[in-house]
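Here is my note on the model you asked me to look over.

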Amino acid sequence: GRVGIILAFVAFPFFSLLMTLRAPLPKVPEQRTRRGLLFMTVAWRRLFRLGFALMLIALLTLAVPMILRVWLIHVGGLAEAGLFQAVWVISAHVMTVLMTSVAMDFYPALSVAASDPGESRRLINLQCRVHLVFGAPVVLAVISLAPVLLILLFSQEFAVAAALLQWQMLALVLRLIAVPAETLLTAQARPWPVFLLHAVVQGATLLLAEHFYSVPGLAGIGIAHVMGGVLHLVLLGLILRQGKGATGQRVVWTWSVLVRAGGLASLSLLLIMGHAISPAAAAVAGCTVTGLAAVPCLLLMFGSLPAQSRLRRSLSAGISKAEAKIARIPASI
């Protein structure tokens, strides 16, 4: 019964602790160690300040969907809250997979380069491109097959929440380029601007959700998250520009990243509008576009090919030409 669920939650950290205790710790040379109460106090104060701010950010992120569920129960009933929870679980899992699978080495590298504006900007844009390459086929596939996905994971009754899931995926596109830039603030030991940014954006999202829910229903909550994502990007850019010295970033995202993100967002919006007109045609078109968007993911695999292979040379030449065309776009504008 419920005791089994509790045991499942406790078992994972318990056995992780056992494995950690058995793991051999690296030996630190004696001359590199620093001891003393003063050093420990400074170190713990830094860790506590950073960890406490990150904990508040995580709690704020968890509080917003909880508030929306409670509010939906009062205004729409348990059914509406259940539909929203189903969509939120899918979108949250998609975001978690995309973010954690490519960010394992990003934060340490960015922390090392946090005091170098040029290098940190290069790492941020590189991470944004990786997010967009891997995220594009996933986002387009979920938008194209949203009703089918909800039916397969839940039941036929959940298909009515397909529009909400599609708008949530569009909001995820904005998060793909916002998260790497936001990580820079944490790497620079500036978590409190991130907390204030999340507080403002999440508060605005809640107000917008209440406003838009009265017209299109659940889809209005997704539209509110998209508008909150736009506000997030704008405020994040302003915060990074306000930094002094090595912490300042006058220009965060390159034109290449902005063009790719804008193209993915525009294509996602067209598919959402197409589903409102003809779901079947939009699904076929979306699956076709998803297949094309998956090609860059496969192209990344050519890095394991021999350097002199014909396939690798041809793929490198094609990517270089595409990058050159994208770089010429600002000049033509």
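1. Buried means under 20% relative accessible area, exposed over 50%, and partly exposed in between, with a 1.4 Å probe and protein chains only. By that rule Phe-84 is buried, since its relative accessible area is 1%, and of the 333 residues of the chain 35% count as buried.

2. This is a predicted model, in which local features need pLDDT of at least 70 and side-chain atom pairs count only at pLDDT 80 or more, while totals for chains, interfaces and linings use all residues. Residues are numbered from 1 along each chain as its sequence is written, and side-chain values use heavy atoms, with hydrogens and water left out.

3. The chain has 13 helices and 0 strands, where helices (H or I, at least four residues) and strands (E, at least two) are DSSP runs numbered from the N terminus. Of the contacts (heavy atoms within 4.5 Å) with a separation of 6 or more, 76% come from residues 24 or more positions apart.

4. A nonpolar core is a set of buried Ala, Val, Leu, Ile, Met, Phe, Trp, Tyr and Cys residues joined through side-chain atoms within 4.5 Å. The largest one has 68 residues, and Ile-221 and Trp-253 have the most contacts inside it; helix 7 (residues 162-187) gives the most to this core, with 18 residues. Leaving aside neighbours within four places in sequence, Trp-253 is in contact with residues including Arg-121, Asn-125, Ile-177 and Leu-258.

5. A nonpolar surface patch of about 1,100 Å² is made by residues including Ile-6, Phe-9, Phe-14 and Phe-15. Patch residues have over 30% relative accessible area and no salt bridge, nonpolar side chains (Val, Leu, Ile, Met, Phe, Trp, Tyr) being joined within 5 Å and like charges within 9 Å; a salt bridge is a side-chain nitrogen of Lys or Arg within 4 Å of a carboxyl oxygen of Asp or Glu. Areas come from the Shrake-Rupley method with a 1.4 Å probe. Ile-6, found in helix 1 (residues 2-22), is exposed at 52% relative accessible area.

6. The structure holds 7 aromatic pairs, meaning rings of Phe, Tyr and Trp (its six-membered ring) with centres within 6.5 Å, where planes under 30 degrees apart count as stacked, over 60 as edge-to-face and the rest as tilted. Phe-14 and Phe-15 are edge-to-face, at 5.3 Å centre to centre and 80° between the planes, and Phe-14 is partly exposed at 45% relative accessibility. Phe-84 and Trp-88 are tilted, at 5.7 Å and 35°; being 4 residues apart in helix 3 (residues 78-102), Phe-84 and Trp-88 are separated by about one helical turn.
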